[in-house]
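Open the model in your viewer and keep the selection tool at hand. Each stop gives something to select and says what is there.

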Amino acid sequence: MRSTKRILVRVDEQTGDYAEVDKVRLTRETRELMKFIQTNIDQNKDQYGVWTSLVPLCRAVLAETISLPVPFFELPLRYESREGLLDADFDELFCGFTLTISGTAREILDEVVIDGVRYMYADFEE
């Protein structure tokens, strides 16, 4: 069981998503996703461009050289995932990664307004 801590996170007024990302969870999910890719997706038979579009993003996350959160509409493989073209096990890992890296709330908890700024509670991994 993973340990989580409930914290108050600022909400991006334009997207409605969190303005911060759970970096512990993102790192864990990125490692799991990379392990799956390295084990199950042949670079020479990569019909959806996972190695050219997603792997560089994952490497940037692990190297902590990327600005977070990444807007959902800038993420790779959205069409392939939406259309059910990806392997089910890969898609499950990818969907979790997508939610975390974009700051999308997995569940709606209480909202708080402080000095006109919206915040929501979120459970972040420790």
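Predicted model: local features only at pLDDT ≥ 70, side-chain atom pairs only at ≥ 80, totals over all residues.

Residues are numbered from 1 along each chain as its sequence is written, and side-chain values use heavy atoms, with hydrogens and water left out.

**The core.** Select L33, I37, L54, F90, F94, F97 and I101. These have the most contacts inside the largest nonpolar core, which has 22 residues. (A nonpolar core is a set of buried Ala, Val, Leu, Ile, Met, Phe, Trp, Tyr and Cys residues joined through side-chain atoms within 4.5 Å; buried means under 20% relative accessible area, exposed over 50%, partly exposed in between, with a 1.4 Å probe and protein chains only.) Helices α1 (23–40), α2 (50–63) and α4 (88–102) each supply at least two of its residues. α2 gives the most, with 7 residues. (Helices, H or I of at least four residues, and strands, E of at least two, are DSSP runs numbered from the N terminus.)

**A second core.** Now pick V9, V11, M120 and A122. They belong to a separate core of 6 residues.

**Strand β3.** Go to E125, in strand β3. Is E125 buried or exposed? E125 counts as buried, because its relative accessibility is 11%.

**Last stop.** Select Y121, also in strand β3 (residues 117–125). Y121 is partly exposed, at 31% relative accessible area.
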